[in-house]
Amino acid sequence: MVALIRRRFLGTKISLNSHRHKLQWSVKQVTKSNFSDSLQEFKSHLSASDFVAVSLQNTGSFSAPWNRVSSFDSPETAYLKVRRAAERFQLLQFAICPFTISGSKVTAHPYNFHLFPRDELNIGMPSYSFSCQTSYLTAMARQGFDFNACIYDGISYLSRAQELAAIVRMANPINLNYVVEASSSPPTVADTVFVERVKSRIKHWKKSCIDSTSKKIDDALVKSLQKLVLGGEQYGSRPCMTIAVCSERQVQLVSEMLREFFDDLVALKIPTKGGGTQAVRVVLTSSKEDKSLLERELQNAEEEQNKKMRGFREVIELVSASQKPVVSHNTLNDFSVIHSKFIAPLPLDVNEFLNSLQSNFPLIFDVNHMMKGIGPLENVTSIPAAVSHLKNRFFAPIEMELSHGALLDESKIHGQTVVRICYLFAKLCSVLKITPGSIQSSDGKVLDGYANAFRSCSGNSVESLDGGIRIWTNSPRKVDCKDLVFLVGIQEQAVCWNA
Amino acid sequence: MNTTRHWPQRAFILSRALSRAFSDTPSPTFPLKHVTRSNFESALVELRSHVRAADFVAIDMEMTGVTSAPWRESFEFDRFDIRYLKVKDSAEKFAVLQFGVCPFRWDSLKQSFIAHPHNFFVFARQEIPLDRTSYEFLCQTTSMDFLAKYQFDFNACIHEGISYLSRGQEDEARKRLISPKGDQLTHPSHNLRETTDLPLVRVADVLFTERMKKRLGEWRDDLLQNRVGGPQEEKVPDDLNQQFRTVFFKMRPALSLDGFTSHQLSLIRMEEVKTDHQRRAEMKINAAVGFRHVIDLLSSENKLIVGHNCILDIAHVHSKFLAPLPSTAEEFVSCVNKYFPSIIDTKILLNADYTLQRKMKRSSTSLSSAFSLLCPEIAHGFTRNVLSYEPCVKVEVHVDEMRSSNWNSGAKHEAGYDAFMTGCVFAQACSHLGIDFQLHSPSENLTQNEKLQKHMNLLYLSWINGDIIDLRTGNRSAELSGSNMIRKPYRKILFKNILLLWGFPSKLKPSMIRDCICKTLGPTSVICTYGIDQTAVFVQFSKAELVSDFLNLKETLEQSNDAISHLHPLSQLLEGGNTHAASYETYKEICASPISKVLFADQAEAVGIKWKTELLPSDKEESHDNTRSHLESAMDSPQAVEKSKSRNTEDVVNDSSNKRFCDDIIDSFLKVEKIRRTTNL
């Protein structure tokens, strides 16, 4: 142990001297160890808030200059570029902040979740490998990012699509009552024979079980011998029996028969690794209470398993279920990452992507896009720049109130951006004369012009889905894709003659 | 048991215990020498002298991952060239996080080896912007988790790791420095950049610049002499002296220039700035070479390099510090042999020699088990088997001022410690082979030892089936049969008989595919099937003709759409219409691609295979040509990419909304970018 502690002597002390930001707020840092507690807290904060701001920290974005979303890109191309980056790089921090605006006061509850795609279930998910961009990692290091905390204690997750695949792969027994619906077709002769045979088998087995327990054998040896002779299996402390089935139809028949004739048995479906059903396991309970106890146990176990599989996705599910408006700074990037890591692999088509997103997050605001409502500000793309721009031009005092108080502990510095987004959003609402209260009441009609507009980059927005793209960031001229020529392989020296 | 034989041993143990209790070593568990950016320069100076004095140097590395996709793992059905492609892919994609170097020197006075374990944290930063593409590396989630389990310090690595430039990158940086656009490297202030672009057109200008260059050079030399010797002599004519006056510019000596026209001034400035910046850039490049100085040191000292199952380590060294990996194993080994003329792999050594096999009691030859079996004194601090007392090679560890003869930091999977273990295993193995270090004089070179010669420069290309490559000749050989009893006998695989199948319905298991084919081509047609992953499988036929038979049959079945073809036993395999089949050569092409998709079927699609059945040359000429051209576009040569690109742009013009082609374009440009980057290096 001494040696292990010693091993970390080097880089564990991270200097945070490089932080020069004036605004410093305390953000709750969440890792594996405090995840379940924080989740409860987050849940209550979320339900009490009007908006949710998000900000993501990835291991990279664009590998080469031409990968970057440019103003020459049509919405489809921009999406494909972003899609490529979202699939390639890994999300390491997810800062999320439920907040409420009342007048000039913002009440915010910032959380910063540390993520790592750990293969908790040993099934090669959520990701086999991921890319890192050196420049991103060094920039994160400069901000005092703790990579050890992230890799050692980061929270894992599975996307919805991956969870479905994992359930099939894990093949855990499932309570039949939840799975099987009543059959519609009339039973054939073979079905009746099968049902009768299983019924008599179960009756016989049940009788022998009850007999043996009522006889009260005290001798442990005799008991275990009897168990051997009877061939009884055990499910936990309860006796059980396995019935082999060869089709889903038979599963259905067994379940119906059990519901009809036995009220003290619980049936479990034993799936194969491929997703089919291998057998039905019947567990004998001693009473009605015992039965409901077992059923509850099973349900809890399943929930526990699901929780373990979902991991951090639970947070995303909460936000999605709350249907609260989500505010982000670079929505196209952020939501392509959210979609690919927590919902499903990104579709090839941009409209398909937007539809899928819409169904999960009905209202999305891009502060960057909202900035355009103030005027043509092509150079104001970063959050600090936007904040100082607004400060210089408009009088809109915003008072921030944070649940976790002011910054006292330096380790709570990560994820500050999300608070800045809240701040900027509130300021923008005030400048643009939008009363945030009306957003809920009128179902987003007021902010309609700003909601769900996907800014891909400075100067170009995906809202213009008419196939035209804008060229030169400072002129509003639109050019049709047909009029553009693609030149590749130009010598480096020749690139910028007349720029 | 004879008591008289017992006694001395017990006395020996007692004396050992006593000596340990009263030993003057400060602590046997001090950490090994960690080297980061902050102490790199001083550590390098020390290491230089240690390596120079060493008899051999053990190395080991920790990487961010091993395989970029499950199907890139090592398989029994991998041919020699494919094994190399897999090693190459791994070395190209993953980064080295830690580099362990441990020089061992025999001290004849102490009758023991002196080891200096060094643990370098390595992290390639882009310190000199060579091109605008960014450095990128892959992390395998399970490997990162594994490192985390052993408390690897990722912060030390990313915050404080030492950066490096490969030889190719250094040359590139120097080329840019000499070229007229060298100022890119040096970031001069804005107004100066304008003047540097002044073209020298007039003869008078050229003469003037040359004269000034000479004057400035003289001035500089004078100043430098001044620093060493006495006061400077007045040689300069008065009129020029008025124009040149030594002043101080930001604490550095500078010249103040009077009496020149502004045009002349700008020319002077241009020269001055150029030489100054050139020197500064030179220093910057030297600093940026960083960790590669260690590799250069190992190479230039011509010492014996010892590693454990080290082909991947050597491939990483080649791709990170020397040059991009060549496309064939033969070129690779000849290049490695040039830089490191003598390498010994302890895994080869342990498996090849019978006496060592006996010593190892035929247990696993993994590094940690070899270490604890061969060097129990160092690993556990005592001799495990008291009865069979055997001489153990003593190793004394020096880390800075601390030294210990029974050192054990216990930090497994830390490159520096693993290198130390490898060195200990090697020293012990040498002693078992009958190399007596006590007779061994310091002048005698271990690389010339005839007992080691037959193990020298041999590496496992793949441990899985004992394929060994000779670094001197590039010859490959199977492991000597019977040398390792654990292994099942080597089975000869005829790669011509192998068929590659992918994209079949996911419910089919390899055994079901075998049954399916046996129903069609005869019960003895298939020797075995081997699953690559859940989407792909190898089918080994008994005869090579059966491969082309199968491919033809598949093609005809897919083209005809009548009832009979639906009842055909193969239709189960072809269900879904996405089943692809090809010969073994296609497998090589897919492995050679720089792309790595998780599933094999996705990979094949990403590589650009658009046909469903590869027809072999003996068949219809026309369709063969067709497949060939597809194959070419799948290959990753620039021309092929060019071809596919032009095709894609046409498609885009025709149908700009076709997303698939947009994606194709992105992918093919990515290839171009990759090629550009690798050729630039």
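B:Gln151 sits in the loop between helix H4 (141–149) and helix H5 (154–160) of chain B; helices here are DSSP runs of H or I with at least four residues, strands are runs of E with at least two, and both are numbered from the N terminus. B:Gln151 is not a glycine, yet its phi is positive, at about 60°. Its relative accessible area is 21%, so B:Gln151 is partly exposed. For that word, buried is under 20% relative accessible area, exposed is over 50%, and partly exposed is in between, using a 1.4 Å probe and protein chains only.

Before going on, a word about what we are looking at. This is a predicted model, where local features need pLDDT of at least 70 and side-chain atom pairs count only at pLDDT 80 or more, while totals for chains, interfaces and linings use all residues. Residues are numbered from 1 along each chain as its sequence is written, chains are lettered from A and ligands numbered from 1 in the order in which they are written, and side-chain values use heavy atoms, with hydrogens and water left out.

A second residue of this kind is B:Asn302, another non-glycine, with a positive phi near 55°. You will find B:Asn302 in the loop between helix H12 (292–300) and strand S9 (304–307) of chain B. With 43% relative accessibility, B:Asn302 is partly exposed.

Now to the aromatic rings. How many aromatic pairs does a search of the whole structure find? Over all chains, there are 50. To pair, rings of Phe, Tyr and Trp (its six-membered ring) need centres within 6.5 Å; planes under 30 degrees apart are stacked, over 60 edge-to-face, and the rest tilted. Take B:Phe104 and B:Phe113: their ring centres are 6.1 Å apart and their planes stand at 75°, so this pair is edge-to-face. Both B:Phe104 and B:Phe113 are buried. B:Phe146 and B:Tyr150 make a tilted pair, with 5.1 Å centre to centre and 55° between the planes. Here B:Phe146 is partly exposed at 34% relative accessibility, and B:Tyr150 is partly exposed too, at 32%.

There is also a cluster linked by ring pairs, and its members include B:Trp71, B:Phe495, B:Trp502, B:Tyr584 and B:Phe600. B:Arg79 lies over the face of B:Phe495, 5.7 Å from the ring centre; the test is NZ of Lys or CZ of Arg within 6 Å of the ring centre and within 35 degrees of the ring normal.

Some of those residues bring us to a sheet in chain B. It is an open sheet of 4 strands in the order S17-S18-S16-S19, with antiparallel pairing; two strands pair if DSSP finds at least two bridges between them. Strand S17 (526–533) and strand S19 (580–583) are at the edges with a single partner strand each, so one side of each has no neighbour in the sheet. From one strand to the next, the twist averages 20°. Inside the sheet, 5 bridges join S16 (residues 498–502) to S18 (residues 536–541) of chain B, and B:Trp502 has B:Ala536 as its bridge partner in S18(B).

Two helices go with this sheet. Helix H26 (residues 600–607) of chain B packs on it, touching S16, S17 and S18, and makes about 95° with the direction of S16(B). Helix H25 (residues 584–592) of chain B lies across S16, S17, S18 and S19, at about 100° to S19(B). For those angles, axes are lines fitted to C-alpha atoms, for helices over the stretch in contact, and run from 0 to 180 degrees between N-to-C directions; contact means heavy atoms within 4.5 Å.

Over to chain A, which has 18 helices and 18 strands. Of its 499 residues, 52% count as buried.

Finally, helix H13 (residues 331–343) of chain A has 12 of its 13 residues buried, so it is largely enclosed by the rest of the structure. Among those buried residues are A:Asp334, A:His339 and A:Lys341.
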